[in-house]
Each structure stands twice: as structure tokens, then as C-alpha cells.
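Q: I have a structure open and want to talk it through. Can we go piece by piece?

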Amino acid sequence: MDKLNETIDRLGGVYLLPVAVAAVCFVLIGAPSSWATLTVAGLAMGMMIFLMASGLSLVFGLMDVLNFGHSAFVSLGAFIAASVLASLGGWLGSPSLMLNIAALVAAFGAAMVFGLIAGWFFETVIIKPVYSDHLRQILITMGALIVVEELILAIWGGTPFSVGRPAFLEGAFVIGDVTIEIYRFFAFMLGLIVYAGLYWVLNRTRLGLLIRAGVENREMVEALGFRIDRLFIGVFMAGSALAALGGAMWAGYETLITPHLGADMMIVVFIVVIIGGLGSVQGTLLGAIMVGLMSNYVGFLAPKLSLASNMLLMMVILLWRPNGLKPAVK
Amino acid sequence: MSLLSLKNMKTSIGQYHVLHDVSFDVPEGGVFCLLGRNGAGKSTTLRSIMGLWSPSPGSVTFRGEDLTGLHTADISRRGIAFVPEDMGIFGGLTVEENMILATANGTFDRTRLKWIYGLFPAIEKFWDKPAGALSGGQKQMLSVARAIIEPRQLILIDEPTKGLAPSIVDNMAEAFREISDKTTILLVEQNFEFARSLGRDMAVIEDGRVAHTGSMADFVADKDLQDRLLSLSA
């Protein structure tokens with residue numbers, strides 16, 4: 001196993017994994033155009049899951065908080081964005097690109113602002129009283145998720161809610177034999193921009209330095225004169241806003257959403273955080289891309305295995321790297 | 001007036017009462033050594049001063065100000081630095097990033113940095129390398145360097161020679177002598193030879209209580225007391 005790890009590290013480390021999976025599936029699928037379509041779909045799905053999962057990973061890494069209610073922000077983001085888009089139906093269908101973009105910005109902005117506020121409320125009222133008690137964290141955050149689901153049910157009803165898409169994100173473009181949905185391409189690009197922003201904050205700013213140090217050794221950061229609890233509220237709020245943005249993107253991707261959206265995504269989000277390595281944004285991105293690609297490839301090659309593919313992926317990766325692909329240094 | 005004063009400090013960790021009644025005064029300047037056998041409560045005393053474990057009841061006063069109940073970060077901002085037993089190095093960060101975190105505003109005082117390079121040349125040599133890749137001795141140097149990158153009034157250092165090679169221990173002793181000209185050091189140490197070479201005043205903790213306080217010179221001269229409290233010749 002050590003020799004295998006050394007060889008993989010020499011070739012590019014765990015970053016090589018999605019490339020290797022894509023290469024193997026290229027051979028198995030046979031048709032390059034199908035492979036390309038599935039790969040783009042997998043990358044787009046991975047980026048949306050990354051948006052939902054990155055905050056959860058940092059929250060766990062920084063404060064050792066197991067937040068099973070994280071997916072409540074995904075649900076809320078999805079429904080709020082869908083409602084804003086529904087109320088701006090005229091702008092969505094308008095031939096004006098500016099109105100299309102304005103509708104999208106309004107929807108995503110509303111979802112993120114609500115995510116920030118809900119994150120502050122969640123951290124202050126629900127999480128703070130149960131710091132350093134994992135069992136109570138699990139119970140109270142799962143309880144909060146159920147309450148949020150019921151709230152959504154009461155406000156938006158139980159029937160699937162239709163989500164409109166701006167006209168400029170409808171349709172597809174063709175490169176050679178490959179058809180790429182515009183919305184998927186957009187989801188991939190947005191995820192990439194968010195990742196680049198997070199990377200810049202974490203690696204180029206003093207705030208990011210504090211977050212990375214806090215993930216490693218919270219106590220020492222406090223002994224150096226910084227209030228990590230205040231930093232944590234900020235990270236929690238940002239993570240909640242990103243989850244809401246992920247939910248908003250996912251709503252547009254699915255086009256029909258139900259109050260159980262967050263709970264359905266929770267397992268996938270946790271799988272991504274675990275296989276990526278707790279507390280690591282790079283690991284979360286890697287995990288999300290792997291899950292996105294595997295879901296699409298396995299769904300095409302062996303549809304019956306599709307549901308189990310994420311669990312199998314997690315098992316294999318944890319057997320190989322028990323701390324995940326790219327865990328934060330502890 | 002003493003720089004730091006502990007009065008009837010009691011600390012419990014979960015259901016265990018670790019410190020029963022700790023009182024001593026640390027005068028300004030020089031090195032004050034806190035000695036005692038394994039598990040006596042020395043590290044707990046330092047952590048209680050830093051607010052990492054809350055002493056209750058009892059008080060910790062620093063320059064006459066009561067620190068009891070303050071957050072660790074606020075205690076640190078009053079000019080108290082902490083070098084923990086496990087060194088508290090951020091292994092995923094570079095040496096430079098570790099040092100930046102210990103500065104008040106993210107910038108270095110170049111004169112002070114040069115002084116640190118003189119004390120610990122490894123800091124300059126491995127400046128842009130990940131701190132996790134440093135040896136044990138280099139990590140200890142970084143931990144101390146981090147504590148002195150800003151002017152402090154008191155540095156709490158927990159067992160800095162643990163597991164270090166003799167040559168590095170000598171280097172560390174030289175550095176501590178120079179640092180103690182500028183800052184008071186409260187040193188917890190198991191290596192009595194190291195402690196006696198540096199200490200001006202001292203206290204011995206036994207089973208969570210202060211068993212002796214006084215000058216290091218008197219303690220060194222009293223072999224019976226040393227044997228009784230530290231079991232040096234046992």
C-alpha cells in the first residue's frame with residue numbers, strides 16, 4: 001500500500017484520481033461523445049455539491065461541530081431562489097439578457113442573504129449551547145432539519161415546486177459530436193469561480209490564515225490572541241450562504257423541487273466531506289468532483305448500481321486513505 | 001508588586017481535581033521555574049493561567065489586574081505568550097505563516113526578527129518551508145520564536161527540553177538567558193539541570209499544591225529538600 005501511495009504521489013497525488021476515473025470510463029463507455037457529455041454533467045454536478053459541502057467541511061474542521069442540519073440551508077436556498085424566480089417570471093422569459101441576468105442575481109442573492117441570516121441564527125441559538133458534545137449536536141441539528149422541512153412544507157406545500165430558468169441558460173451548445181447543456185456549463189463555471197475565491201481567501205489573506213490555523217489547532221490560535229468563536233460565526237454564516245447558493249443552483253438543475261431536497265442531499269454532502277478529508281476545501285472539491293463523475297458514469301454503465309456508487313466510492317477511498325483524500329493537517 | 005500572582009487557585013478537569021490550592025508570586029524579570037514530579041499539576045497551572053482551563057475558585061492577577069474568567073485571547077493580548085508542551089505548531093502552515101499569526105498586525109519588526117534569527121538560525125533557514133516538516137528541536141525553536149516576535153511581558157513555557165538532543169538544549173538555554181533579559185519567563189521543566197542553570201526564583205508543585213517556594217540558589221543548596229520534593233537521588 002505504501003508503494004502504491006508513493007507512486008501515486010509521484011504522478012500527481014490524489015488530484016490524479018478524477019483524471020484516472022475519467023480515463024478508465026472513456027475506455028468502458030466507448031463512445032467519445034457520450035463520455036464527454038457525461039463528464040461535463042459529472043463536473044457540473046460535482047461543482048454544485050461542492051458549493052453545498054464546502055461550508056460543512058470548514059465548520060467541522062474549525063470547531064469540531066457535526067451539523068446534520070446543514071442541508072436545511074440547501075433546501076431554504078432552493079425554495080427562496082425558486083420563489084424569487086417565479087415572481088420574476090416576466091424577466092426570465094424576456095429576450096433581454098440583462099433582465100435574465102438580473103433575475104438570476106436577485107434569486108441567488110436572496111438565497112445567499114437568507115443563508116447568511118439563517119446561519120447566524122442557527123449558530124447562535126442551536127449550535128452554541130452544544131459545543132464539544134457530538135451526540136447532542138447530532139440530535140439537535142437533525143431536529144432543526146426536521147423543523148425546517150416542516151416549515152417549508154407549511155409555506156410552499158408538499159407538491160413539487162416548479163423552478164424557472166432564465167432564457168439564456170436554456171438549451172445546449174454543440175462542439176463536434178458533443179452536446180453540452182448551457183446550465184451545466186454555467187454550474188461548472190460558477191463552482192470554479194467560488195472555489196477560486198475560497199482558495200484566494202484561505203491562502204492569500206490573514207483571515208484565511210487564521211481559518212487554516214484554527215482548523216489545525218483551535219486552542220493555539222486563541223493563545224495567540226484571536227477569538228476563534230467569533231471567527232467561527234463568520235465561517236458558519238459563509239458556509240450556510242454557500243449551501244444556500246448550492247441549493248439554488250440545484251433547484252435550477254432539477255427544475256422540480258420538494259421539501260425533502262435537503263435531506264436527500266445530506267447523505268451525498270456528508271460522503272463528499274468524508275472522502276475529501278474534514279476541514280479541507282481542496283479535499284471537498286476533489287470529493288465532490290469524484291462523486292459527480294462516478295454518479296454519471298455508473299448511472300450510464302450500470303444503472304442498477306447508480307444508488308450504491310457513492311457508498312462504494314466512500315468505502316474504497318476510506319480503505320485506501322482513512323482520513324480522506326486531502327485532509328487538513330491536525 | 002509581583003508581575004503575576006496566583007492565589008488559592010483550584011482547577012478541575014471533568015470530575016478530577018488537579019489543582020487543590022496553588023499560590024505563588026512571579027517577580028518581574030528573569031526566569032521563574034515551576035518544578036515537580038510528573039502529574040503534579042505544573043502544566044495545568046500554566047493552562048489555568050492562560051484561561052485554557054478555568055480555575056475556580058481562586059484568582060490570577062497580572063500587574064494587579066484580575067485575569068480570572070477572561071477569555072484566553074484576551075489574556076494573550078495583555079502581553080502573555082504561551083509555549084505549550086506539544087509546541088502548538090501549525091504543521092500545514094509555513095514557518096513564516098506561523099510567525100505572522102503571532103504578530104499583532106501581520107507585519108514584522110525587522111530588528112526583532114533579526115534578533116530571533118540570531119537566537120535560532122533554523123527559523124531563517126526554513127522560513128518558507130512547511131512547519132510540519134521541521135525536526136522536533138526546530139519546532140520547539142519556532143514555538144519560542146513565535147512567543148517573542150512581539151514584545152511580551154511574560155512568557156509561559158512548558159517543558160521546552162522534552163525529547164531534545166543535548167546540543168539543542170544548550171542552544172535553548174542560551175536563548176532563554178538572552179530572552180529573560182527582556183521578558184519574564186515562567187518555565188515549567190522536568191530537567192532540573194536545565195532549570196537550575198536559568199532559574200532565579202522557583203516553586204515546587206506536589207499533588208496539585210505548592211510544596212515549596214523560594215530562590216533557586218537556596219533550593220540548589222538544600223539537597224534534602226531536593227530529594228524530598230523531586231526525588232532526584234531516589
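Q: Is A:T255 buried, exposed or partly exposed?
A: This is a predicted model, so everything here is computed from it. A:T255 is partly exposed, because 14 other C-beta atoms lie within 10 Å. Burial would take 20 or more.

Q: Where is A:T255 found?
A: In the loop between α11 and β4 (256-257) of chain A. A:T255 follows α11(A).

Q: What about the phi of A:T255?
A: Positive, about 65 degrees, although A:T255 is not a glycine. Most residues other than glycine have a negative phi.

Q: Which residue in chain B has a positive phi although it is not a glycine?
A: B:R63 has one, at about 50 degrees. B:R63 sits in the loop between β4 (59-62) and β5 (65-66) of chain B. B:R63 counts as partly exposed because it has 15 C-beta neighbours inside 10 Å.

Q: Back to α11(A). How many of its 27 residues are buried?
A: 21 of the 27 are buried, so α11(A) is largely enclosed by the rest of the structure.

Q: And what span should α11(A) have?
A: At 1.5 Å a residue, α11(A) should span 39 Å. The end C-alpha atoms of α11(A) are 38 Å apart, which agrees.

Q: At what angle do helix α8 and helix α11 of chain A pack?
A: About 170 degrees, with the axes of α8 (residues 182-204) and α11 (residues 228-254) 10 Å apart. Therefore α8(A) is roughly antiparallel to α11(A); the cut-off for that is over 145 degrees.

Q: Which residues make that contact?
A: From α8(A), A:Y183, A:A187, A:L190 and A:V194. From α11(A), A:L242, A:M249, A:G252 and A:Y253. The contact of α8(A) with α11(A) has seven nonpolar residues, one polar and no charged.

Q: Next pair. How do α3(A) and α9(A) pack?
A: At about 60 degrees, with the axes of α3(A) and helix α9 (residues 206-216) of chain A 6 Å apart. So α3(A) is oblique to α9(A).

Q: Which residues touch there?
A: A:L58, A:G61 and A:L62 of α3(A) meet A:I211, A:G214 and A:V215 of α9(A).

Q: Which residues in the largest nonpolar core touch the most other members?
A: A:M48, A:A81 and B:L156 do, in a core of 178 residues. Helix α3 (residues 32-63) of chain A gives the largest share of this core, 20 residues.

Q: What is A:A81 in contact with?
A: Leaving aside neighbours within four places in sequence, A:A81 is in contact with A:A107, A:F108, A:A110, A:A111, A:A248 and A:A251.

Q: Let's do the chain contact. How many residues are involved?
A: 19 residues of chain B are in contact with 16 residues of chain A. On the chain B side, α2 (72-77) and α3 (95-101) are the elements that give two or more residues. The largest share, four residues, comes from α2(B).

Q: And the make-up of that chain B side?
A: Nine nonpolar, eight polar and two charged residues.

Q: Switching to A:L301. Where does A:L301 lie?
A: In helix α13 (residues 281-301) of chain A. A:L301 counts as partly exposed because it has 14 C-beta neighbours inside 10 Å.

Q: What does A:L301 touch?
A: A:L28 and A:I29, not counting residues up to four places away in sequence. A:L301 and A:I29 are 272 residues apart in sequence, yet 7.1 Å apart in space, C-alpha to C-alpha.

Q: What is the reach of helix α2 of chain A?
A: Helix α2 (residues 16-29) of chain A has 14 residues and reaches 20 Å from its first C-alpha to its last, close to the 20 Å expected. A:G30 follows α2(A), with a positive phi near 85 degrees.

Q: Last one. What about A:T179?
A: A:T179 lies in strand β3 (residues 178-181) of chain A. A:T179 counts as partly exposed because it has 14 C-beta neighbours inside 10 Å. Beyond neighbours within four places in sequence, A:T179 is in contact with A:T37, A:A172 and A:V174.

Q: And how are A:T179 and A:V215 separated?
A: A:T179 and A:V215 are 36 residues apart along the chain, and their C-alpha atoms are separated by 42 Å.

Conventions:
Residues numbered from 1 in each chain as written. Chains lettered and ligands numbered in written order. Predicted model: local features only at pLDDT ≥ 70, side-chain atom pairs only at ≥ 80, totals over all residues. Contact = placed C-beta atoms within 7 Å. Nonpolar A, V, L, I, M, F, W, Y, C, P; charged D, E, K, R; others polar. Buried ≥ 20, exposed ≤ 12 C-beta atoms within 10 Å, placed from the backbone. Axes fitted to C-alpha atoms, helices over the stretch in contact; angles between N-to-C directions. Parallel < 35°, antiparallel > 145°, perpendicular 65-115°, else oblique. Core = buried A, V, L, I, M, F, W, Y, C linked by C-beta atoms within 7 Å. Expected span 1.5 Å × (residues − 1).
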